[in-house]
Amino acid sequence: MAPLIALVGGFAVLRLLGLFAVDGLDAWQPALRGGLALMFVTTGVPHFIPSWRREFAAMVPPALPRPALLVTLTGVLELAGAGGLVVPPLAPFAAGGLALLMLAMFPANVSAARRGLTLAGKPVTPLPARTAEQVLFVAVAVAAAV
């Protein structure tokens, strides 16, 4: 739920700033990129918090090797992508790369839901809701890329 709140809340705040004060945010796409960047900071930072790292590593499908390395790699890519979203010449490439990253990481969410894993002591988002969120997140990244 936190990623969705970060995305929607970040977009809303940035869009309002654009409407009333900041010329660079006076369009939907820069505000959308900012909200998406906030979402990826929200999801990327926990990759480096020890308790979360363990839970993220447990989400990696058992068939994939070196789960801890994959968690580090995806965290770095999420944070780098967030940074790229706020640099206008890089933003379309960052958004496209993040859309692909989300598609590549979705099997971990499916695996976690099917195995009944938890994050921060709570059950992972059920698969139907997580799938809907993922479709929304990828669509937002694609919109931010074009």
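The following dialogue discusses how to read selected features of a predicted model.

Student: Which conventions apply to this model?

Tutor: The model is predicted: local features need pLDDT of at least 70, side-chain atom pairs count only at pLDDT 80 or more, and totals for chains, interfaces and linings use all residues. Residues are numbered from 1 along each chain as its sequence is written, and side-chain values use heavy atoms, with hydrogens and water left out.

Student: How many salt bridges does the structure hold?

Tutor: Side chains of opposite charge can pair when their charged atoms come close. Here a salt bridge requires a side-chain nitrogen of Lys or Arg within 4 Å of a carboxyl oxygen of Asp or Glu. The structure holds 2. In one, Arg-15 meets Asp-26 at 3.6 Å, N to O. Arg-15 lies in helix H1 (residues 2-20) and Asp-26 in the loop between H1 and helix H2 (28-44), so the pair ties together parts that are 11 residues apart in sequence. Helices are DSSP runs of H or I with at least four residues, strands are E runs of at least two, and both are numbered from the N terminus.

Student: Which residues form an aromatic pair?

Tutor: A pair of aromatic rings is described by the distance of the centres and the angle of the planes. Rings of Phe, Tyr and Trp (its six-membered ring) pair if their centres lie within 6.5 Å; planes under 30 degrees apart count as stacked, over 60 as edge-to-face and the rest as tilted. A search of the whole structure finds 1 such pair. Trp-52 and Phe-56 are tilted, with 5.7 Å centre to centre and 55 degrees between the planes. Both lie in helix H3, 4 residues apart, about one turn of the helix. Trp-52 is partly exposed, at 28% relative accessible area, whereas Phe-56 is buried, at 14%.

Terms used:
Buried means under 20% relative accessible area, exposed over 50%, partly exposed in between (1.4 Å probe, protein chains only).
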